[in-house]
Amino acid sequence: MNHDENVIAMTQHHAHVDKVGAKMGMWLFLFTEVLLFGGMFLVYAVYRYQYSEQFHIAAMELNTTIGTINTIILLTSSLTMALSIAYIERNKKSLSILFLSLTILLALIFLVNKYFEWSAKFEHGIYPRSEELLNRPSGQILFFGLYYVMTGLHGLHVVIGIIVLSFMLVFLLKNKITSENYNKLENSGLYWHLVDLIWIFLFPLFYLIQ
Amino acid sequence: MDKQHHKIEISTYIIVWLSLLAFTSITVTIAGISLGKYTLLIALSIAAIKSALVINIFMHIKFDEPIFKAFLALSGATLIIIFVLTFFDIIYR
């Protein structure tokens, strides 16, 4: 930001906001998230290399249909998130609110599906340290361990996303987020898209092994 | 700043979303066909294309400050280095 732009901003009675700085902080945070999940993907890669047969057998038990549905839900929620930002940019507050609410709704549906998916696994006795699982070869124990940790951590990110996006919804309703200043919404959007990105890789690695 | 701020058309977002759905159905269909060792490669390539779409358009990276691209490249490069070094160890152990 140069001096002239600062002066213009002040004369227009707008609080000076460092848009680039705000976004930069968010990207740095996303960088740490990539490394957090990256470490887990690394563990997955090594064990899949060492126990590829057992990973294939174990993965057959995952429900591809529910995984595909959740993929479609998350991709759509990314669209509605992007649209919410696009509409506040165009000063259409109610459309922005509508699409942000849809994003939160889709995130909730994702979690409901996850709940049914996990409880079906629990019913079959497949959960960390269950007797059924511990009697299986170590490759399968590792597969399901990674499945629970990685989709679990991802699910936790979805929960945090819902909380963050709900705050954004309140800010939108209270005019704390406007077409002049929507950094908060943009940064929350970046976080939400990251959650989608991680799922884009989790989906084929866990649900699509044949 | 605002004059330079690139607004992405609504229709662009819809097209990207439709492509993402198309790639999802392709990857699910391909997973059903037995392609042996290429299955993983194809699945990961499709995932990479999908993430490129999300990062470039939904996350605006294509139209944002170059510094954000540098962040992304740095985190990507870090991951690749960690993966390559680890697999050198695992494969040649």
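Because the model is predicted, local features are reported only at pLDDT of at least 70 and side-chain atom pairs only at pLDDT 80 or more, whereas totals for chains, interfaces and linings use all residues. Residues are numbered from 1 along each chain as its sequence is written, chains are lettered from A in the order in which they are written, and side-chain values rest on heavy atoms, with hydrogens and water left out.

Chain B comprises two domains, domain 1 (7–59) and domain 2 (65–93), with bounds that come from an automatic or database domain assignment. The centres of domain 1 and domain 2 of chain B, taken over C-alpha atoms, are separated by 22 Å.

Chain A contributes 47 residues to the contact between the chains, and chain B contributes 45 residues; contact here means heavy atoms within 4.5 Å. The size of an interface is often expressed as the accessible area lost when the parts come together. Between chain B and chain A about 4100 Å² is buried, and 80% of it lies on carbon and sulfur atoms. This buried area is the accessible area (1.4 Å probe) that two parts lose on being put together, summed over both.

Polar contacts across the interface of chain B and chain A amount to 4 residue pairs, both residues being at pLDDT 80 or more. A polar contact is a pair of N or O atoms within 3.5 Å; within protein, one atom must be able to donate a hydrogen and the other to accept it, and residues adjacent in sequence count only if both atoms are side-chain atoms. On the side of chain B that touches chain A, at least two residues each are supplied by helix 1 (10–32), helix 2 (38–58) and helix 3 (66–91) of chain B. Helix 3 of chain B gives the most to this side, with 14 residues. Helices (H or I, at least four residues) are DSSP runs numbered from the N terminus, as are strands (E, at least two).

Over all chains, the structure holds 7 salt bridges, each defined as a side-chain nitrogen of Lys or Arg within 4 Å of a carboxyl oxygen of Asp or Glu. Between chain B and chain A the count is 1 salt bridge, in which the side chains of D64(B) and K23(A) meet at 2.5 Å, N to O. This pair runs from the loop between helix 2 and helix 3 of chain B, where D64(B) lies, to helix 2 of chain A, which holds K23(A). Both D64(B) and K23(A) are buried, a class that covers residues under 20% relative accessible area, with exposed meaning over 50% and partly exposed in between (1.4 Å probe, protein chains only).

Within chain B, R93(B) forms a salt bridge with D89(B), the closest N and O atoms being 2.8 Å apart. R93(B) is exposed, with a relative accessible area of 70%, and D89(B) is partly exposed at 39%. Salt bridges that share partners also join K23(A), E186(A) and D64(B) into one network. In chain A, R136(A) and E132(A) meet in a salt bridge at 2.7 Å, N to O; R136(A) is buried at 16% relative accessibility, and E132(A) is partly exposed at 36%.

Most residues other than glycine have a negative phi. H60(B), which is not a glycine, has a positive phi of about 60°. H60(B) lies in the loop between helix 2 and helix 3 of chain B and counts as buried because its relative accessibility is 8%. N91(A) likewise has a positive phi, near 65°. N91(A) is placed in the loop between helix 4 and helix 5 (93–123) of chain A and is exposed, with a relative accessible area of 55%.

Two further residues belong to helices of chain A. T80(A) lies in helix 4 (residues 64–89) and is buried at 5% relative accessibility. Residues up to four places away in sequence aside, T80(A) touches F99(A), L102(A), T103(A) and L106(A). F29(A) is in helix 2 (residues 19–50) and is partly exposed at 36% relative accessibility. F29(A) and Y191(A) are 162 residues apart in sequence, while their C-alpha atoms are 9.1 Å apart in space.
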